[in-house]
Amino acid sequence: MRLERRDQSSLALIVAAPVAAIIVSLTLSGGLIALAGANPFDAYFEMVKGAFGSRLSISETLTRTTPLVLTGLAAAVAFRAKLWNIGGEGQLYLGALVAAWLGHNIASVVPAPLAILVILLAGMVAGALLLLGPVLLRIRLGVDEVVTTLILNFIVLLFVSMMIEGPMKDPLAFGWPQSVSVDRDVLLPKLLARSRLHIGLLIAVAAAVLIWFVQTRTVFGLETKAAGLNRNAASFAGIALGKTMLGVACISGSLAGLAGAIEVTGLKGYVTLDLSPGYGYSGIVVAMLAGLNPLGVVITALFVAIVFVGADSMSRALGVPSFIADVIVSISLLTMLVCLLFTTYRVRR
Amino acid sequence: MEALEIFASASLWGAVLRIATPLIFGTLGALICERSGVLNLGIEGIMTLGAMVAWMTVYQGGDLWTGLIVAALCGGLFGLLHAMLTVPLGLSQHVTGLGITLFASSLTYYIYRLSLPVSSSPPTIEPFQPLAIPGLSDIPFVGEALFSQTAPTYLAIFACLATAYVLARTPLGLAVRMTGENPHAVEAQGLDPIRIRIGAIITGSAFMAVGGAFLTTATFNSFFPTMVQGRGWVCIALVVFASWRPGKALLGALLFALFDAYQLRLQHVVESAIPYQVFLMVPYVLSIVALIVMSRRAKVPQALMAPYRKGER
């Protein structure tokens with residue numbers, strides 16, 4: 001038995017891959033849910049109810065989707081150019097920290113709408129700068145960016161911890177490690193009254209459309225694709241690989257930084273160490289499930305958000321540990337990888 | 001100078017070996033995988049899994065050594081999963097490895113939470129006790145520093161020497177190294193590169209799990225989520241630092257542990273003059289520095305991360 005490359009992969013196959021992956025992962029996770037003594041069908045029903053059952057739960061699911069779209073895009077953009085940015089989590093936290101600092105300090109100086117723009121841009125710059133280091137190390141010295149971006153996540157988290165217990169500590173938080181709050185004027189407008197849903201969702205979706213446009217309709221988009229598919233061929237075709245990689249790094253890092261800035265200005269108002277329940281890492285799954293397609297990212301981010309929000313309420317109802325959400329998401333990543341393979345390869349005897 | 005006096009304490013050098021042990025196991029595991037040509041980023045998750053499984057075995061009434069063996073078996077099982085996905089199927093080793101890490105750690109937390117009710121303080125076990133080597137442990141200073149370790153620490157050093165011997169001096173080691181350099185040449189010799197890679201990944205992953213298990217059965221006596229704290233990623237960096245050589249891996253892990261043990265003690269000396277987070281950053285910063293320093297000289301296995309498909313170039 002061996003694998004043979006397909007001449008072409010049909011659209012049906014490409015759409016079927018994520019669906020098959022999700023079905024397989026729900027089946028496997030169902031076994032684990034049964035292990036906890038709950039009926040898997042009840043559990044999945046509770047999850048859907050928890051994610052869509054009421055106005056509140058729908059708005060919560062969409063609120064959760066927002067950062068996942070952005071970190072998903074960050075991973076998708078980078079992976080397409082074979083730039084392994086695993087530092088989304090760190091870039092998100094640095095973006096969040098910069099946003100909190102600016103939001104606390106510039107609101108009295110700069111008028112509100114402009115201040116919001118400055119804050120979001122600053123968050124993006126922070127994320128991009130954090131990724132530029134590892135990418136420069138890779139281009140100049142050949143240092144593998146997977147390890148450096150991963151390790152930077154831990155360094156950034158310690159840095160955030162240092163700042164929110166030190167210079168940026170909120171004196172009114174009763175010793176709880178929490179950063180100063182951003183000014184009320186620079187909070188993002190709500191999308192839905194009496195809910196936590198804010199216009200960050202629109203920004204995230206707009207970013208997805210913009211990235212899709214850049215990737216499919218511009219020279220730079222073609223160059224990143226070429227650089228990802230075959231480095232030598234791309235270089236031979238006159239594409240400046242280093243420059244392309246730096247460009248990709250700027251986009252990818254700034255998307256993750258934006259996710260952090262939006263979480264702070266749209267939702268939390270301040271930074272704590274549990275600002276992100278691993279959005280940076282989940283973004284990798286979101287991107288892979290979408291087959292690195294920026295528009296697909298919006299849909300798969302919604303899927304991952306449903307799993308997380310749904311699992312929380314299912315856990316309360318049935319007593320299944322909410323860690324099941326991470327299990328479902330990680331199994332779907334692995335099954336998706338296999339399913340994606342079979343869209344380009346087939347098994348031959 | 002108080003900061004320098006730390007080096008004169010035997011407890012520092014004892015701590016170095018203790019801190020180095022999980023790193024030695026993890027680095028050896030990653031090294032074995034990579035010498036056969038496959039990067040295993042599942043390490044962080046496999047170490048987490050090993051930590052929990054070993055602890056749980058002992059907590060349920062098993063022997064400490066049984067705990068380590070069960071951890072090794074579970075690690076091997078996840079190694080097999082990584083191997084099936086990256087070797088016969090030839091999937092991206094980066095993404096698959098991260099997937100294995102996410103899967104192994106989330107499954108670990110799920111099973112742990114399922115087995116034990118939520119409590120404010122995690123339940124504990126009786127961990128490995130220091131095993132004083134008769135005669136040698138009575139030597140002043142050196143005895144306390146080097147010869148009063150727990151049994152798995154001695155095992156880690158032995159494993160390092162054994163791996164070095166097998167890789168460098170046996171036909172099996174030659175086959176593994178050759179698979180990492182040129183799998184087509186292995187095929188031409190009548191050996192199966194696919195089987196060799198699968199075997200190497202299973203072995204390496206078992207080592208990683210034992211490294212994680214050391215944390216719960218010797219360093220600490222309980223399991224808590226996120227306890228591996230990026231040690232797996234540090235090990236991946238140490239493999240590059242060691243230029244894929246087991247002897248240098250041992251040296252790298254010890255050097256690294258020395259910095260870590262030193263910063264822990266230095267924190268007490270400087271008290272609050274420097275935020276404690278700065279000290280905690282040291283190991284992570286060091287591993288990035290190690291990568292940068294060694295990047296030019298690194299002798300990367302030539303076929304690392306290149307999937308091998310029969311009849312495909």
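1. In this predicted model, 38 residues of chain A are in contact with 36 residues of chain B. Several elements of chain A each supply at least two residues to the side that touches chain B: strand E1 (2-5), H1, helix H5 (112-141), helix H6 (145-165), helix H11 (279-289) and helix H13 (324-344). H6(A) gives the most to that side, with 11 residues. By class, the side of chain A that touches chain B has 31 nonpolar, five polar and two charged residues.

2. On confidence, the predictor assigns the complex an ipTM of 0.93 and a pTM of 0.94. The average pLDDT of chain B is 91, and 98% of the residues in chain B score at least 70. Where pLDDT is low, the predicted coordinates should not be read in detail.

3. The largest nonpolar core has 216 residues. Helix H10 (residues 193-219) of chain B gives the most to this core, with 14 residues. The residues with the most contacts inside the core are A:Leu73, B:Ala209 and B:Leu238. Leaving aside residues up to four places away in sequence, A:Leu73 touches A:Ala207, A:Ala208, A:Ile211, A:Leu255, A:Pro294 and A:Val297.

4. Helix H2 of chain A covers residues 40-52. At 1.5 Å a residue, its 13 residues should span 18 Å, and the end C-alpha atoms are 18 Å apart, so the two values agree. The buried residues in H2(A) are A:Ala43, A:Glu46, A:Met47, A:Gly50 and A:Ala51. These residues lie on the same side of H2(A), because they cover an arc of only 125 degrees around the axis. Their cover includes helix H1 (11-35), helix H3 (55-80) and helix H12 (294-318) of chain A.

5. Is A:Ser179 buried or exposed? A:Ser179 has 28 other C-beta atoms within 10 Å, and 20 or more count as buried, so A:Ser179 is buried. In the chain, A:Ser179 is found in the loop between H6 and helix H7 (200-217) of chain A.

6. Which residues does A:Ser179 touch, not counting those up to four places away in sequence? They are A:Ala100, A:Met163, A:Ile164, A:Met168, A:Asp170, A:Tyr270 and A:Val271. A:Ser179 and A:Leu97 are 82 residues apart in sequence, and their C-alpha atoms are 8.3 Å apart in space.

Notes: Residues are numbered from 1 along each chain as its sequence is written. Chains are lettered from A and ligands numbered from 1 in the order in which they are written. This is a predicted model: local features need pLDDT of at least 70, side-chain atom pairs count only at pLDDT 80 or more; totals for chains, interfaces and linings use all residues. Helices (H or I, at least four residues) and strands (E, at least two) are DSSP runs, numbered from the N terminus. The expected span of a helix is 1.5 Å times one less than its number of residues. A residue is buried if 20 or more other C-beta atoms lie within 10 Å of its own, exposed if 12 or fewer, and partly exposed in between; C-beta atoms are placed from the backbone. The arc is that of the directions from the helix axis to the C-beta atoms. Two residues are in contact if their C-beta atoms, placed from the backbone, lie within 7 Å. A nonpolar core is a set of buried Ala, Val, Leu, Ile, Met, Phe, Trp, Tyr and Cys residues joined through C-beta atoms within 7 Å. Ala, Val, Leu, Ile, Met, Phe, Trp, Tyr, Cys and Pro count as nonpolar, Asp, Glu, Lys and Arg as charged, and the others, Gly among them, as polar. pLDDT is the predictor's confidence in each residue, from 0 to 100.
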